[in-house]
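User: I want to learn how to read a structure feature by feature. Where do we begin?

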Amino acid sequence: MGDIEECKGPDGRYWRIDWRVDNAARRFHDCAKRPIVSQLIVLDQLGLRVKLMLQLTGVAARGEKRQQQQQQQQQQSCHVRMKVIQIQSKGPNLLRFRLFLGGTTHEPMTHDFAEQITSGHEFLCNWEDALEGKTLKVAAEIFDHDAASTTAHSDDANV
């Protein structure tokens with residue numbers, strides 16, 4: 001399971017989830033057509049149950065030989081998504097969050113998980129450059145519900 005830390009920053013209170021994907025290259029090879037999925041992450045303070053997902057971009061449903069050629073020819077970018085399994089709120093299911101792949105971050109986004117249960121971002125950097133040994137670090141910062149409701153703009157383009 002990922003490590004969870006409660007933090008305070010300029011955007012207010014948030015919870016940071018750090019997920020270490022050990023043997024990332026091997027796991028990508030084994031899961032080329034499927035995402036690598038974290039264990040269930042429970043954030044009782046927010047009434048949330050989430051999973052983080054990581055998938056190589058552009059490898060779904062292709063032949064293995066063609067996939068290997070394509071992987072050699074192009075940069076290995078990744079799609080990082082957050083899936084909300086359960087949210088216990090009485091209002092809109094808006095969450096404001098930010099995703100990380102290694103040392104690369106994405107701007108905070110707000111998404112209504114009642115409309116679609118996953119949201120994320122494609123990181124156009126080479127995931128191999130983000131490896132620490134054989135481990136790839138993925139993280140999410142989930143902002144307090146109050147922060148999401150004050151910046152209620154949907155970022156559905158990143159789904």
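Analyst: We begin with a term. A salt bridge is a side-chain nitrogen of Lys or Arg within 4 Å of a carboxyl oxygen of Asp or Glu. Side chains of opposite charge can pair when their charged atoms come close. One case here joins the side chains of R26 and D30, at 3.5 Å from N to O. Before we go on, note that this is a predicted model: local features need pLDDT of at least 70, side-chain atom pairs count only at pLDDT 80 or more, and totals for chains, interfaces and linings use all residues. Residues are numbered from 1 along each chain as its sequence is written, and side-chain values use heavy atoms, with hydrogens and water left out.

User: Which element holds both R26 and D30, and how many residues apart are they?

Analyst: Elements first. Helices (H or I, at least four residues) and strands (E, at least two) are DSSP runs, numbered from the N terminus. R26 and D30 both lie in helix α1. They are 4 residues apart, about one turn of the helix.

User: How many salt bridges does the structure hold?

Analyst: It holds 8. Among them is the pair R49 and D44, at 3.4 Å from N to O. R49 is at 19% relative accessibility, so it counts as buried. D44 has a relative accessible area of 57%, so it is exposed. Another pair is K137 and E132, at 3.2 Å from N to O. K137 is partly exposed at 34%, and E132 is partly exposed at 48%. Salt bridges that share partners also join R16, D18, R98 and E141 into one network.

User: Now the overall layout. How many helices and strands does the chain have?

Analyst: The protein chain has 3 helices and 11 strands. From the N terminus on, the order is β-β-α-β-β-β-α-β-β-β-β-β-β-α. Of its 159 residues, 45% count as buried.

User: How do I read the inside of the fold?

Analyst: Look for a nonpolar core. That is a set of buried Ala, Val, Leu, Ile, Met, Phe, Trp, Tyr and Cys residues joined through side-chain atoms within 4.5 Å. The largest one here has 34 residues. Those with the most contacts inside it are L48, L54, L95, L136 and I142. The elements giving two or more residues to this core are β2, α1, β4 (41-43), β5 (48-56), β6 (78-87), β7 (94-101) and β11.

User: What does I142 touch?

Analyst: Contact means heavy atoms within 4.5 Å. Residues up to four places away in sequence are not counted; I142 then touches Y14, W15, I17, L43, L46, L48, M82, L95, R96 and F97. For the chain as a whole, take contacts with a separation of 6 or more: residues 24 or more positions apart account for 64% of them.

User: How should I read a loop? Where is T135?

Analyst: T135 is in the loop between β10 (118-123) and β11 (136-143). At 10% relative accessibility, T135 counts as buried. Its side chain makes a polar contact with the side chain of D22 at 3.0 Å. A polar contact is a pair of N or O atoms within 3.5 Å; within protein, one must be able to donate a hydrogen and the other to accept it, and residues adjacent in sequence count only if both atoms are side-chain atoms. Beyond four places in sequence, T135 touches R20, V21, D22 and A130.

User: What about backbone angles? What is phi of N23 near?

Analyst: Most residues other than glycine have a negative phi, and most peptide bonds are trans. Phi of N23 is near 50°, a positive value in a residue other than glycine. N23 is found in the loop between β2 (12-21) and α1 (24-30). Its relative accessible area is 41%, so N23 is partly exposed.

User: Last one. How many disulfides are there?

Analyst: A disulfide is a pair of cysteine sulfur atoms within 2.5 Å. The structure holds 0. C7 is buried at 15% relative accessibility, and C31 is buried at 18%.

Key:
Buried < 20%, exposed > 50% of the residue type's maximum accessible area, 1.4 Å probe, protein only.
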